[in-house]
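Subject: Handover of a structure and what was found in it

Dear colleague,

Please find below the sequence and the structure that I am handing over to you. I would be grateful if you read the notes that follow with the structure open beside them.

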Amino acid sequence: MTDRAPDAIPAHVVPVWEISPLRVWVLARATFVQLVRMKVFYFLLIFAALVLVVAGAGLFWLPTEHLIAIKRWSFGAMYLFTMVYSISATALLLPRDLEDRTLYTILSKPVPRIEYLLGRLFGVLLLNALALAAMFLAMCLLVAWKMPSVEKQLVQELLQGAGGEAVSLNEVNQAKADAARYGLSTSLLWAVWALYLKACVVSAVTLFISTIASSSLFTIVTSAMVVFIGHFHQLILDFWKVNETGWFGGLIGRLLVIVFPNLGLFDVVDEVITGTELTLGAGLQLTGMGLFYIGLFVLVAQLVFVDKEL
Amino acid sequence: MNRRWRDLSRGPALVFLVLLVAGLVRAPLESRLLRDLRQAGFHPPLRGSSALQEVGVQGMMGALGGLRYMVSTFLTLRANFHWEFQDWENVLQNYRLVQVLEPRNPDVWITGAWHCHSNAWAWYLQDDPAHSEVTRRLLAREWLERGKEMLRQGIEWNPENPWIWRDLANLYREREGNLCEAAECYRRASLTPGAPDFLHRIYGYLLAQCGEHDEEAMKVLRGIYDEGLEVLRRQRVMIWKPSLIVEMRKLEARLGVPPESCIPERFDAEGFVIATPLLPKESLPIYERLLEKSRGPNPPAPDPALATIVARLREQLDEKSAVP
């Protein structure tokens, strides 16, 4: 242990207002470059191949199903990428810095530990954002390319579905509006944003766990478990309603719900894909909740890391 | 002791306390957000046949996390694969899972039910080599009922979707010949928000054809006819269809409507075929014929509304031909 006086504020602890955005940015950029060198962007090639196969293959009966499938597979791939990447990349950072002594080099300079944590986190988030943006753009291009043929098919179906009845211009326009509902909409932006927020929360949680953990493997496994439990909030709440669990079971369940982040909240993609509109208010609330979680887990990571003996 | 306590307070205990307090702060915020999202159609509350099944479904959804939609697509593909081999039980099983995963998607109910009430039904009636004719009829009936049940469940989840109602109506009409029930389903379909106009028209026709609600049918068809008159007066698009005139004439005969209250002779079914502004070239001769017909004996003036439509269509055609 150090010889510092017990109540003195350590030199590497700084108030929030003294955090230097420039230093954080430098660290974030370095993290980003470090991660890009790990060739993570090759995943984008796999993504492109996957969505092209889905878009090209006539796997589905309904024209709307085809559009939905393109979006679903794209979002599924985005989800896999962001989750796996958020956990593994963040889990690797701290142990690797310790192993190759980069951490000592950085922290021996006047860099507060919170800046180090934020820089590392933002590096991961930046790479996540760029990869998601690229995948989202590719998906939008494919949907826009497929849209006219789906619109045509829907109008044809409308004519057939009217059972020999002639349809008016208004009805044709309605069919086109239906097709548009399955196409590109502003809600898709909200969906990808929600996915990104979720990835950010997972990264922040992983960062917190990596400050406690002694190995990358432990961090990855524990973070995966947290993500898993994070999707079970509703189940835990419903389980109480159905079963008498006793006071102990109830206490454990409540603690799980209170302590673990509710990641299921961010799962809005499926409904958006099938045409449900996410309102601005709900989107902003979701953003607020995401930022709250990120702030919370950065704070607890800092609480652990600030006094950690390295 | 003091130092130990200090270390502890800096360590796990402090972290746990922060997480606990934050959890208590966010709980009401999360509840509000969840309520708003549910109102907007997100995070549908799941339904199972029992409370425990509901919990099981929740568990499955939780385990799948954000991959729910991808798994659902895989299951749809798997159902299509089983369809190729007429393995109807597996088709049904896969679609039931898909419906659990995305109950708010009307397409999964429509397609799943279609496999039951059309594909499996027809296969058992015509192609099934393993059973006697009586058994095949029974099996076909069973699959028809499954399809019907699936559509009803789909309606429970998506009460505002007109197309599930339309499919249920067509099932009653085409498979069971129950035109009154089909009419009722079309009525419900026509009441959903954003339902196309033809659903209301078909409701009227089926009501007229079912033979049990002639007066009500006449009221509905008269309403459509009057709307058409109004549209015509506003010099826009002709919306009557031949079926409307045909059905109204039949009803007039059955109900014994006095000749002065019947629809005028000049509004003959022959004249009122499709005439939308999409097809000015095809609709012009129809309107011209109608215009000729509308010339009454005394005074021999053409209908001004029809005259305006004809003039407008001619203008449209001239404009089109003027474009190089």
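I begin with helix α8 of chain A, whose face turned away from its buried side carries the exposed residues L217(A) and M225(A). Here a residue is buried if 20 or more other C-beta atoms lie within 10 Å of its own, exposed if 12 or fewer, and partly exposed in between, with the C-beta atoms placed from the backbone. Helices (H or I, at least four residues) and strands (E, at least two) are DSSP runs, numbered from the N terminus.

Please note that this is a predicted model, in which local features need pLDDT of at least 70 and side-chain atom pairs count only at pLDDT 80 or more, while totals for chains, interfaces and linings use all residues. Residues are numbered from 1 along each chain as its sequence is written, and chains are lettered from A and ligands numbered from 1 in the order in which they are written.

Helix α8(A) in more detail

The buried residues in α8(A) include T219(A), I220(A), S223(A), V226(A), V227(A) and G230(A). They cover an arc of only 130° around the axis, so they lie on the same side of α8(A); the arc is that of the directions from the helix axis to the C-beta atoms.

Chain A has twelve helices and zero strands, and buried residues make up 44% of its 310 residues. Chain B has 14 helices and zero strands, and 35% of its 324 residues count as buried.

Two residues are in contact if their C-beta atoms, placed from the backbone, lie within 7 Å. Among contacts between residues at least 6 apart in sequence, 83% in chain A join residues at least 24 apart. In chain B, 47% of the contacts between residues at least 6 apart join residues at least 24 apart.

Nonpolar cores

A nonpolar core is a set of buried Ala, Val, Leu, Ile, Met, Phe, Trp, Tyr and Cys residues joined through C-beta atoms within 7 Å. Which members of the largest nonpolar core touch the most other members? Of its 90 residues, these are A191(A), L195(A), A204(A) and F297(A). The largest share of this core, 18 residues, comes from α3(A). Apart from it lies another core, of 53 residues, among them F198(B), Y205(B), L206(B) and I224(B).

Leaving aside residues up to four places away in sequence, A204(A) touches L121(A), Y293(A), I294(A), F297(A) and V298(A).

V268(A) and its surroundings

V268(A) is found in the loop between α10 (246-259) and α11 (269-273) of chain A. Is V268(A) buried or exposed? It counts as buried, because it has 26 C-beta neighbours inside 10 Å. Residues up to four places away in sequence again set aside, V268(A) touches W190(A), A191(A), A194(A), L278(A) and F42(B). V268(A) and L278(A) are ten residues apart in sequence, and their C-alpha atoms are 8.3 Å apart in space.

Two residues with positive phi

R101(A) is not a glycine, yet it has a positive phi of about 65°. R101(A) sits in the loop between α3 (63-99) and α4 (102-107) of chain A, and it counts as exposed because it has 9 C-beta neighbours inside 10 Å.

In chain B, Q86(B), also a residue other than glycine, has a positive phi near 50°. Its place is in the loop between α4 (68-84) and α5 (88-101) of chain B. Q86(B) is partly exposed, with 14 other C-beta atoms within 10 Å.

A pair of helices in chain B

Helices α8 (residues 162-176) and α9 (residues 179-190) of chain B pack at an angle of about 170°, with their axes 8 Å apart. Axes are lines fitted to C-alpha atoms, for helices over the stretch in contact, and angles run from 0 to 180 degrees between N-to-C directions. The angle makes α8(B) roughly antiparallel to α9(B), a term used for angles over 145 degrees. Among the residues that meet are W165(B) and Y172(B) in α8(B) and C185(B) and Y186(B) in α9(B).

Technical notes. Angles under 35 degrees count as roughly parallel, over 145 as roughly antiparallel, 65 to 115 as roughly perpendicular and the rest as oblique.
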